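Good morning, colleagues. I would ask you to look at the sequence and the structure together as I speak.

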Amino acid sequence: IDWRGTHFKLRCNLLATCWRIRADGEHDIGYLVLLEGKKRALITQMMKKIQWIATLVAVALMVACSVSPKEIRYGQDNCHYCRMHVVDKQHGAEIVTKKGKVYIYDAMECMLNEMAESDQETFSLYLTNVYLNPGVLLDAHTATYVISEAIPSPMGMNLTAFETREAAEKIVEEHGGEVFDWAGIQAHFNE
């Protein structure tokens, strides 16, 4: 159909309203013919519902794609690497990807194994539980790590994270072991 220069009315089945569509050269311009009373109110009400639903969908998508840690459900979640239940609140760990997917680990050893086998460019956050504050996740880059036989970890490497270097050094002084920062523990683990 050649719409150029023509005017016509198209009957719409929805609420029996009239729509006028005008073809204007290369541009199609649509506009609603003024409606009366109840029909206008119904369309306005429908448009508000559609806007509300669209807003909810947008918020849900933003929340679903956010890059943030997820609370570890101890005793329920399984380690992404070894599939063991995560039960120890002092040794759990997480990786969050740039797309917001969260991988949970029962110990730092499993997270370090995953890092060695995966493309780290897709990872955004590295988190670890800390020994003196069980259940709390800390940025793994800022934690200090101790390998000490006095503090066994779930995977047997005796690797434990601490919030501060002072706390880690105090444990090593009392029980023996070795202190590492983030880069140091990765280098040690990859030997």
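N158 is buried in this predicted model, because its relative accessible area is 15% and anything under 20% counts as buried. This residue sits in the loop between β8 and β9. Which residues is N158 in contact with, leaving aside its neighbours within four places in sequence? They are E109, V146, I147, S148, E149, I151, P152 and S153.

One of these contacts, E109, leads us to helix α2, where E109 is among the residues that meet helix α4. Helix α2 covers residues 108–117, and helix α4 covers residues 182–189.

In general, a pair of packed helices is described by the angle between their axes and by the distance between those axes. Here the angle is about 75° and the axes are 11 Å apart. The two helices, α2 and α4, are therefore roughly perpendicular to each other.

Let us turn to the residues involved. From α2, M108, E109, M111, L112, N113 and M115 take part; from α4, their partners are W182, I185, Q186 and F189. Of the residues in this contact, seven are nonpolar, two are polar and one is charged.

Finally, I come to α4 itself. Which of its residues are buried? They are W182, I185, Q186 and F189. Viewed down the axis of α4, these buried residues fall within an arc of 100°, so they line one face of the helix.

Thank you for your attention.

Conventions. Residues numbered from 1 in each chain as written. Predicted model: local features only at pLDDT ≥ 70, side-chain atom pairs only at ≥ 80, totals over all residues. Heavy atoms only, no water. Axes fitted to C-alpha atoms, helices over the stretch in contact; angles between N-to-C directions. Helix = DSSP H or I, 4+ residues; strand = E, 2+ residues; numbered from the N terminus. Parallel < 35°, antiparallel > 145°, perpendicular 65-115°, else oblique. Contact = heavy atoms within 4.5 Å. Nonpolar A, V, L, I, M, F, W, Y, C, P; charged D, E, K, R; others polar. Buried < 20%, exposed > 50% of the residue type's maximum accessible area, 1.4 Å probe, protein only. Arc of directions from axis to C-beta.
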